[in-house]
Amino acid sequence: MKLWGGRFTEELNQLALEYTASIGFDYRLFPFDVEGSMAHARMLEQAGIVTSTEAEQLLSGLSGLRADYEAGNLSFSIDDEDVHMNVERLLSNRIGAVAGKLHTARSRNDQVALDMHLFVKYAIDEVSAAVRGLQSALVETAEKNMDVIVPGYTHLQRAQPILFSHHLLAYFWMLERDWGRLADAKKRTDWMPLGAGALAGTTFPIQREFVQEQLGFAALYENSLDAVSDRDYLIEFMSAVGTLMMHLSRFSEEMILWSSEEFGWIELADAYCTGSSMMPQKKNPDVAEVVRGKTGRVYGHLLGLLTVLKGLPLAYNKDLQEDKEGVFDAFDTVLPALKLFTGMIRTLSIREEKLAQAFHHDFSNATDLADYLAAKGMPFREAHAVVGRLVLEATERRTNLAGLPLDVYQSESLLFDEDIYAKLAPQSVVAARAARGGTAPSAVSAQLRMAKQILTEV
Ligand code: ARG
């Protein structure tokens, strides 16, 4: 017998049951459902809606169920559709008819909203902590490798040399914004919907503030229709997670490039790579590839939910049940990705011998020559053209800028002097970019101090 079966004379079609039931995925709301029900039961007692004895029975029944669940001894049935009705059924098997009082002044519509708010608050805390973990790994790795210089790129063409630490810390700041977006999403996840009933509120003298306080919510929904229909906080969560995955995906792409023989900057630890079933020499950066690949599904979940909500009238509609799997999957995708990246960064090794050769045949110091002339008074545009011609000359002579003799320089401009050669070394090029936010060791050290400060604050 269905818990709502009173007005029905016919059984629900089996396929219809299977198609509309959510227990297959919403079972994982169980701990949050029980937590919410316990707060609701205490409120019912406080408001004089159930007696103390009844509240006691409800609470001990619910904690019994929780213990069974934790011990793996609870089984859910599809006949009860969703986690809420499974809990109610299991509770009534355990404590009898009094279990039926728990749903007083409550609907599954505000109940499921409460469960999802509790889940997302938990998820945000977990993801935020994992973001901090990856930020720490970046700071440590950046600090350990302050002397490593790598080519910096625009258009994936050699641009200017940079500190490897500077490149790593760029991701620190992306993650810092991700952390902020999650914290911001949490503000609006922190609204408590219970008490909205099915849509219009309840005839019972409930005390919503009491429930709010027990569950530690910062605010209450002030409109019952909004409380049961709002899924903005899920959009915000998935948007923050989508952006975070986008960052991890860009980082993945770079890890894959950097560990290729063509770049040869780093070697990833064996623990984060796999081999080939055919080619014995292969060591593939699978973790990074899978993170890059899984980013698409998170974007998909965000767009999926936006589409579910588009055109949905107030208040609750069963379409809203579609809000769960995407949110769960986004969480299940981003959390291990962050943890894997943390391990991958901590264990990567730098191929110093390969990087030492990186600048032998490149022109990534050309800007510095133009800046040299500009600092001596030549208009920058003119200096740019002069150095452009020198690059062409060096290319024709199959050498680099340091390989051109001084008379070639001076035939282009008498502002050139012997001291240019010292400025052409990658170390000098990097050190010259000492303005705030630049790649000079002094600026990157200042950046590291700020990053560390942020990590000690929270
Ligand atoms: N399983 C439902 C969901 O996830 C719970 C709320 C159902 N409410 C209802 N009136 N059928 O949205």
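Predicted model: local features only at pLDDT ≥ 70, side-chain atom pairs only at ≥ 80, totals over all residues.
Start with the overall division. The chain splits into domain 1 (5-104), domain 2 (109-356) and domain 3 (366-444). The record places "domain: Fumarate lyase N-terminal", from an unreviewed entry, at residues 6-300. That span is 61% helix and 6% strand. Its end C-alpha atoms are 40 Å apart. The record also gives "domain: Argininosuccinate lyase C-terminal", again from an unreviewed entry, for residues 363-431. Here the chain is 64% helix and 0% strand. The end C-alpha atoms of residues 363-431 lie 17 Å apart.

Now take domain 1 and domain 2 as a pair. Their centres, taken over C-alpha atoms, are separated by 32 Å. Domain 1 puts 18 residues into the contact, and domain 2 puts in 19 residues. On the domain 1 side, α2 (23-26) and α3 (30-46) each supply at least two residues. Helix α3 gives the most to that side, with 9 residues. By class, the side of domain 1 that touches domain 2 holds 7 nonpolar, 6 polar and 5 charged residues.

The ligand comes next. Which residues surround the ligand? They are S22, D26, D82, R108, N109, V112, Y316, K318, L320 and Q321. Domain 1 (5-104) and domain 2 (109-356) each provide at least three residues of this shell. Helix α6 (residues 108-144) gives the most, with 3 residues. The shell divides into 3 nonpolar, 3 polar and 4 charged residues.

In soluble globular proteins, nonpolar side chains tend to be buried together. The largest nonpolar core in this model has 96 residues. Within this core, V120, L138, F237, M238, V241 and V334 touch the most other members. Helix α6 gives the most to the core, with 17 residues. What does V120 touch, leaving aside its neighbours within four places in sequence? V120 is in contact with T189, Y233, L234, F237 and V327. Another core, of 12 residues, lies apart from the largest one. Among its members are L369, A370, A383 and L401.

Some backbone details deserve a look. Most residues other than glycine have a negative phi, and most peptide bonds are trans. L314 and A315 are joined by a cis peptide bond, with omega about 0°. A315 sits in the loop between α11 (286-309) and α12 (324-347).

Two residues other than glycine show positive phi values. For E81, phi is near 65°. For R398, phi is near 55°. E81 is in the loop between α4 (52-70) and α5 (83-95). R398 is in the loop between α15 and α16 (406-412). Is E81 buried or exposed? E81 is buried, because 22 other C-beta atoms lie within 10 Å. R398 counts as exposed, because it has 8 C-beta neighbours inside 10 Å.

P379 lies in the loop between α14 (366-375) and α15 (380-396). P379 counts as exposed, because it has 10 C-beta neighbours inside 10 Å. How many Å separate the C-alpha atoms of P379 and V112? The separation is 67 Å, for residues 267 places apart along the chain.

L303 belongs to helix α11. Is L303 buried, exposed or partly exposed? L303 is partly exposed, because 13 other C-beta atoms lie within 10 Å. The C-alpha atoms of L303 and A271 are separated by 34 Å. Along the chain, L303 and A271 are 32 residues apart.

How values were computed:
Residues numbered from 1 in each chain as written. Near = placed C-beta within 6 Å. Helix = DSSP H or I, 4+ residues; strand = E, 2+ residues; numbered from the N terminus. Nonpolar A, V, L, I, M, F, W, Y, C, P; charged D, E, K, R; others polar. Domains from an automatic or database assignment. UniProt positions renumbered as here; feature names shortened; annotations may be inferred. Contact = placed C-beta atoms within 7 Å. Buried ≥ 20, exposed ≤ 12 C-beta atoms within 10 Å, placed from the backbone. Core = buried A, V, L, I, M, F, W, Y, C linked by C-beta atoms within 7 Å.
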